[in-house]
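Here are my notes for your first look at this protein. Keep the sequence and the 3D view open while you read.

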Amino acid sequence: MTATRSVVLGCGSYLPQQILTNAELAARIDTSDEWIVQRTGIRQRHIAAEGEFTSHLAINAARAALADAGIDAQSIDLIVLGTSTPDHTFPATAVAVQAALGIHHGAAFDLQAVCSGFIFALSTADSFLRTGAFKRALVIGAETFSRILDWSDRGTCVLFGDGAGAVILEAQQQPGAASDRGVLTTHLRSDGRHKSKLYVDGGPSSTRTVGYLRMEGREVFKHAVGMITDVIYDAFKATGTTAEDIDWFVPHQANKRIIDASAHKLHIAPQKVVLTVDLHGNTSAASIPLALSVAVKDGRIKKGDLVLLEAMGGGFTWGSALVRW
Ligand code: ACO
């Protein structure tokens, strides 16, 4: 029996020009390159210029993905944009992207699941495509976390950066077998009991301000590996696959120690792990499509490869996706 699958047509990414290194941070606050690299694997992050918004990063990533797919923007009928740092409280940043691309049909909306935003956006777009509601989706993760960081808090400001990544999905009929191309399964989870462990202390309805990111780093770390691996086991179970079948593991790029521990627990060999956190820090919803883009461009991820994605973040929210490229 055939199955409708959301097949990846292309991907792209964008990082703002300005780079902020660990050494530059160490000149401003009480930290060191050694501490940051040892605890997180991060060496530098990109910072959006004054007047450069989340939508601008997203538009650049979307254009790169359209070029990679070799398709016209007019064929896109759905845009789902994962972000926690929108240009404005409303309208959605996705409609700014839609307008910039000259698309006046279909639907565009934002989705807020913090660092899990891309997995949640991918899963949402996949569900719409498989029902036949839309035909081609642009799934974006874009963030300007530098705008919600307390630059005097060394426990958080060293961890995050700005960037955007995008993937284009198309509904296609596939044989309905394990060898199908496209999104094979997605699994989303959240548990609001943890909402105060990683949050922003402002908002339109509470303080009428934007606020700053606050985090209990150890608490996040404590839960991360278990939550990530549990939701990956769900993906394996749903598809009858094992860690051995995975060609590439593309995790949310938050912290090298969390990634290493997750891969180790899952028995995924280090050479199958795509790691870019050293180059751009934690870019929240943008980190997975940024890493995907790097690994596709350098020839690691190829058509037919089985790619495992996962993320965990504020809420807590977490999720996994298994995609045959
Ligand atoms: N430079 C130097 N010292 C620092 C820094 C810094 N940037 N930040 C904290 N410290 C100090 C602390 O003040 C503390 O000093 P003290 O012992 O004198 O009090 C010491 O380092 C240890 O602090 P901890 O917070 O216990 O350090 P820990 O080993 O837990 O590392 C870190 C902190 C890196 C944040 C870690 O907890 C972590 O990785 N947590 C996961 C957080 C994360 O990745 N969040 C991203 C969002 S969620 C997600 O995407 C999965």
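This is a predicted model: local features need pLDDT of at least 70, side-chain atom pairs count only at pLDDT 80 or more; totals for chains, interfaces and linings use all residues.

The numbered points below go from the sheet to its helices, then to the cysteines, one histidine and the core.

1. Find the open sheet. It has 5 strands, in the order E1-E7-E6-E4-E5, and the pairing is mixed. Strands E1 (3-14) and E5 (107-111) stand at the edges. Each has a single partner strand, so one side of each is left without a neighbour in the sheet. On average, neighbouring strands of this sheet are turned by 20° against each other, direction ignored.

2. Now look at how the strands pair. Strands of a sheet pair through backbone hydrogen bonds, either parallel or antiparallel. E6 (residues 136-144) and E7 (residues 162-174) pair in the antiparallel sense, over 9 bridges. E4 and E6 pair in the parallel sense, over 5 bridges.

3. Trace Gly 141 by hand. Its bridge partner in E7 is Gly 165. Gly 141 is also the bridge partner, in E6, of Gly 82. A further bridge to E7 joins Ala 137 to Leu 169.

4. Is E6 enclosed or open to the outside? Of its 9 residues, 9 are buried, so the strand is largely enclosed by the rest of the structure. Arg 136, Leu 138, Ile 140, Ala 142 and Thr 144 point one way from E6. Ala 137, Val 139, Gly 141 and Glu 143 point the other way. Note that Arg 136 and Glu 143 are among these buried residues.

5. Helix H4 (residues 93-100) lies across strand E4 (78-82), E5 and E6, and runs at about 145° to E5. Helix H5 (residues 117-131) lies across E1, E4, E5, E6 and E7. H5 runs at about 165° to E6.

6. Check the cysteines. A disulfide is a covalent bond between the sulfur atoms of two cysteines. How many are there here? The count is 0. For Cys 11, the nearest cysteine sulfur is that of Cys 115, 20 Å away. For Cys 157, the closest cysteine sulfur is also in Cys 115, at 16 Å, which is too far for a bond. The cut-off is within 2.5 Å.

7. Are these cysteines buried or exposed? Cys 11 is buried, with a relative accessible area of 6%. Cys 157 is buried too, at 0%. Cys 115 is buried at 5%. The cut-off for buried is under 20%.

8. Stay with Cys 115. It lies in the loop between E5 and H5. Leaving out residues up to four places away in sequence, Cys 115 touches His 252, Asn 282, Ser 284, Ala 285, Ala 311, Met 312 and Gly 313.

9. Turn to His 46, in strand E3 (residues 44-47). His 46 is buried, with a relative accessible area of 10%. A polar atom of its side chain lies 2.6 Å from the backbone oxygen of Pro 16. Beyond four places in sequence, the contacts of His 46 include Leu 15, Gln 17, Asp 162 and His 280.

10. Finish with the largest nonpolar core, which has 42 residues. Phe 249, Ile 268, Leu 308 and Met 312 have the most contacts inside it. Helices H7 (217-239) and H8 (256-266) and strands E12 (306-313) and E13 (317-324) each supply at least two residues of this core. H7 gives the most, with 8 residues.

Key. Residues are numbered from 1 along each chain as its sequence is written. Side-chain values use heavy atoms; hydrogens and water are left out. Two strands pair if DSSP finds at least two bridges between them. Helices (H or I, at least four residues) and strands (E, at least two) are DSSP runs, numbered from the N terminus. Axes are lines fitted to C-alpha atoms, for helices over the stretch in contact, and angles run from 0 to 180 degrees between N-to-C directions. Contact means heavy atoms within 4.5 Å. Buried means under 20% relative accessible area, exposed over 50%, partly exposed in between (1.4 Å probe, protein chains only). A polar contact is a pair of N or O atoms within 3.5 Å; within protein, one must be able to donate a hydrogen and the other to accept it, and residues adjacent in sequence count only if both atoms are side-chain atoms. A nonpolar core is a set of buried Ala, Val, Leu, Ile, Met, Phe, Trp, Tyr and Cys residues joined through side-chain atoms within 4.5 Å.
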